[in-house]
Amino acid sequence: MPNRSTALGSAASGTVIRPLGVGLPYIASLPAELYNPALVDFVEITPETLCRVRWNGRDGAIELVPDKLEQARRTCGMLPIVIHGVELSIGSVQGLNAAYLDMLDAFQACWPFAWHSEHLGFQTIRGDNGATLDVGVPLPQPATEEAAQIVSARSAAILRRYGVPFLLENAAYYLDGLPADPDIGDDIGLMRAITERSGCSQLLDLHNVYCNAVNHNIDPLAAIGGMPLSRVMEIHVAGGSWQHGFWMDAHDNRVPARVWDLLTHTLPRTPNVAGVVFEMLEEHAVRLGADVIADELTTARDIWRRHQQR
Amino acid sequence: MALLDLQTALGRLVRVPAGEDPFRGLHLTAGERASLVAVVDSAGFAFTVDVQRSWCAGRAANAARLTLSMLSADERQRLLADWVNAGGGTPSFFAAEADAFLDFIARRLPDPSHALTLCRVEQATLRAREGTLRFAVPDPSRLDAPACILRAGRYAALVRFHAQPQLLLAALEGQPLPPVSRETTPVLFGPGLTGLSRLASGDEVALWERLAAPGALSVLSREGHRREAIESLVAAGIVEASG
């Protein structure tokens, strides 16, 4: 693999990010043999899976559980890691989840990561008593100027706080017709505005693009073309399934052929991409089994290597 | 439309679509309300609610796996649906809500029943595990303080099994369910116990029941509660001493 670094990593954070290759999420119940340099180049960790909440009255602190952290470190061995959080709720006007960032401070101090990412959306609202209320599911961030301003400011602060690239993931959404400002346009315009203003990068989830294309009759190539491709540092591929007439981003299956095609299409257009991750949910990963997962990783690596050799 | 109003309205609508007025307290024009109503009428909104319901039910089910496994599929679905429809199951870290969910289930189970016993076991285990984060074995000399007051531990519980506990646990593994006996086997739960639980002796049950209200150690001693039993329960976090 050519030894090149991404300009984006340098510009955004002062650190040099070298392309890592193909990664696998850390899933404690998968065989440790999968986390092997012969199959993967790096591991993507969702730190909340290694955590518990300690409550002090109404406030909860998210704490790393030492045993779980130790098991993850043993499994990952010398493989580099990146972080993919799920609890930040960066788009909530009510406020992002500060407890998540406190936990990430502790994580970084004991186990440094190459970059970290979160989802562009919100999952908490203001309750009637002013307290934060969980929605129970992430919702898409409306494509408005106010949303762009809030997320840009928070992303810039997060970028400074950790000194490594911070990536936002484009969402799969099922809601249609949310209010939008003409200057922002849609979810793609919102991602463009935020990355330009904050200096953060994008995690381009191609299965989410595929879901939106199928569910909302959008041209996926046009959607990808509209993304801030020079700011894409990581790509996700995943599988889904039909549920109640929607193609759901369920992470329950192999990657559809069309999504592999989108990866082949996208890699040459993302000059700063540093990794591709095959995502699964834990219960489905166990059901799919190690052989299927290894098969998907091999496909991703073949595409990645072809791209690197160009 | 202000983002705060938009997110609040959407979040309320997804959490409890049939609940209170989702637009209460928000600064929305008639046009903005109409646009949100149009969103709610869409198939995508219905699907988003389905996904939210499924995630919330899954979180709640994980908190009461043993109890729910004792119920019929219909009863299980009904309890989960009632909880989620009331706005439950939303926190990703469900531990905060698990205790309340187990209480919610307990109020709807026959007493006595094995399902209720398991519900109390799951609740007691949850509390004792939470207690391990804060519990440290206290200095025994605390019991020598003249004004020492004893109270039931905050992270402790006594659960009465209406069958031999091992038979009930075997039933969870597929063995036949033992009959619900009128005689009970008491089991103590506390953060300082190895494995968080053990069988309770008669002395310990008497002390636990006496501590339904806090009592002075001197009074408890006069009533005949033995110092050894008290020390053992204090060391396990089942009884707390202060003063």
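**Entry 1: a helix and a sheet in chain B**

I began with helix α7 (residues 114-132) of chain B, which lies across β2 and β3 of chain B and runs at about 155° to β2(B). The model is predicted, and I read each entry with that in mind.

I then looked up the sheet itself. Three strands of chain B form an open sheet in the order β2-β3-β4, with antiparallel pairing. In this chain β2 (157-161) and β4 (197-199) stand at the edges with a single partner strand each, so one side of each has no neighbour in the sheet. From one strand to the next, the twist averages 30°.

I next examined one pairing. β2(B) and strand β3 (residues 185-189) of chain B are joined in the antiparallel sense over five bridges. Opposite B:Leu158 I found B:Leu188 in β3(B).

**Entry 2: the interface of chains A and B**

I noted that 40 residues of chain A are in contact with 34 residues of chain B. The two chains bury about 3300 Å² between them, and 68% of this is on carbon and sulfur atoms. On the chain A side, A:Arg52, A:Trp55 and A:Leu175 lose the most area to chain B, together 15% of what that side buries.

Between chain A and chain B the count is three salt bridges. In a salt bridge, the side chains of B:Arg24 and A:Asp128 meet at 2.8 Å, N to O.

Terms used. Residues are numbered from 1 along each chain as its sequence is written. Chains are lettered from A and ligands numbered from 1 in the order in which they are written. This is a predicted model: local features need pLDDT of at least 70, side-chain atom pairs count only at pLDDT 80 or more; totals for chains, interfaces and linings use all residues. Side-chain values use heavy atoms; hydrogens and water are left out. Contact means heavy atoms within 4.5 Å. Buried area is the accessible area (1.4 Å probe) that two parts lose on being put together, summed over both. A salt bridge is a side-chain nitrogen of Lys or Arg within 4 Å of a carboxyl oxygen of Asp or Glu. Two strands pair if DSSP finds at least two bridges between them. Helices (H or I, at least four residues) and strands (E, at least two) are DSSP runs, numbered from the N terminus. Axes are lines fitted to C-alpha atoms, for helices over the stretch in contact, and angles run from 0 to 180 degrees between N-to-C directions.
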